[in-house]
Amino acid sequence: MQKITQVLILLISIASFSQMTTKDNIEIEIKKSKLVDNVSVVGIRQLKVKSDELRKVMIKTKIKSPKDNKTRLSGFSLIDEENKIRYRLADYKGYTGFIGSPELIPYRKTELFDKKGNPINYGPPFDKSEKDIFNDYDIDGYVNFEIPVNFGTKKNPNLSVLYFGQTRYKKFTGELFFTLLAKNTNLVYQLYYKDEKISDIKF
């Protein structure tokens with residue numbers, strides 16, 4: 001009986017550890033975390049990791065938020081406490097069910113222009129009205145890690161960091177993708193939303 005009680009206590013503590021309600025009243029539950037294939041295509045289709053020094057990871061979440069304060073995806077970050085690195089969300093896919101197109105909502109941080117000086121009209125949009133809040137929650141002593149995407153060519157690069165906007169969903173499944181330094185993927189990370197720790201994460 002004592003052993004059964006101990007097991008139940010352990011299961012309860014694990015369940016509560018992977019679910020949290022933030023001070024914004026957003027409920028975030030961690031369903032799964034895993035390494036994913038660098039070659040596979042997900043989300044915006046711009047995230048193609050070609051370097052052996054980098055590795056793509058995915059955290060699957062269930063999120064519920066108030067209708068007047070929906071989740072801002074750029075508020076998510078993954079913390080490597082040992083090496084003092086704070087990773088920006090690199091890709092995102094959200095959905096409420098198996099039917100219909102997934103929500104992607106990427107934006108460019110930088111307005112890019114072609115050789116004639118005209119704004120480029122392909123790829124994720126540049127929109128000042130969609131606020132990127134990633135840098136609002138910088139941590140002293142930590143380096144922000146973000147990889148610009150090339151919207152030009154290898155010979156004539158046209159680079160911009162991407163961020164993800166505010167979801168239109170109140171209750172949804174969110175797949176959060178980060179690009180980590182491969183040599184550090186065996187560590188325990190911390191998933192943050194804004195300045196609040198959601199859970200420890202192991203890949």
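Tutor: Let's begin with a term: two strands pair if DSSP finds at least two bridges between them. Strands (E, at least two residues) and helices (H or I, at least four) are DSSP runs, numbered from the N terminus. This is a predicted model, where local features need pLDDT of at least 70, side-chain atom pairs count only at pLDDT 80 or more, and totals for chains, interfaces and linings use all residues. Residues are numbered from 1 along each chain as its sequence is written, and side-chain values use heavy atoms, with hydrogens and water left out.

Student: Thanks! So which strands form the open sheet with mixed pairing, and in what order?

Tutor: Five strands make up that sheet, in the order β8-β5-β4-β13-β14. At its edges are β8 (143-145) and β14, each of which pairs on one side only.

Student: How much are neighbouring strands of this sheet turned against each other?

Tutor: On average by 30°, direction ignored. For such angles, axes are lines fitted to C-alpha atoms, for helices over the stretch in contact, and the angles run from 0 to 180 degrees between N-to-C directions.

Student: And in what sense do β13 and β14 pair?

Tutor: β13 (residues 188-193) and β14 (residues 196-202) are antiparallel, with six bridges. Leucine 191 has serine 199 in β14 as its bridge partner, while tyrosine 193 is bridged to glutamate 196.

Student: What's in the hairpin between them?

Tutor: Two residues sit between the strands, and lysine 194 takes a positive phi near 60° in this hairpin.

Student: Is β6 mostly covered or mostly open?

Tutor: Mostly covered: four of the five residues in β6 (residues 91-95) are buried. Buried means under 20% relative accessible area, exposed means over 50%, and partly exposed is in between (1.4 Å probe, protein chains only).

Student: How many bridges join β6 to β12?

Tutor: Five, and β6 runs antiparallel to β12 (residues 171-181). Aspartate 91 has phenylalanine 177 as its bridge partner in β12, and glycine 94 has glycine 174.

Student: Let's do rings. How many aromatic pairs are there?

Tutor: The count comes to seven. Rings of Phe, Tyr and Trp (its six-membered ring) pair if their centres lie within 6.5 Å; planes under 30 degrees apart count as stacked, over 60 as edge-to-face and the rest as tilted. One of the pairs is phenylalanine 76 with tyrosine 193, which is tilted because the planes are at 55°, with the centres 5.0 Å apart.

Student: Where do phenylalanine 76 and tyrosine 193 lie?

Tutor: Phenylalanine 76 is in β4 (residues 76-80) and tyrosine 193 is in β13, so the pair ties together parts 117 residues apart in sequence. Phenylalanine 76 and tyrosine 193 are both buried.

Student: What kind of pair do tyrosine 92 and phenylalanine 164 form?

Tutor: They are edge-to-face, at 6.3 Å centre to centre with 65° between the planes. Tyrosine 92 belongs to β6 and phenylalanine 164 to β11 (residues 162-164), 72 residues apart. Tyrosine 92 counts as buried because its relative accessibility is 0%, and phenylalanine 164 is buried at 1%.

Student: Which residues do ring pairs link into a cluster?

Tutor: Tyr87, Phe145, Tyr189 and Phe203.

Student: Last topic: where is threonine 110 found?

Tutor: Threonine 110 is in the loop between β7 (106-108) and β8. With a relative accessible area of 36%, threonine 110 is partly exposed.

Student: What is threonine 110 in contact with, leaving aside neighbours within four places in sequence?

Tutor: Phe126, Leu159 and Ser160, where contact means heavy atoms within 4.5 Å. Threonine 110 and leucine 159 are 49 residues apart along the chain, and their C-alpha atoms are separated by 8.0 Å.
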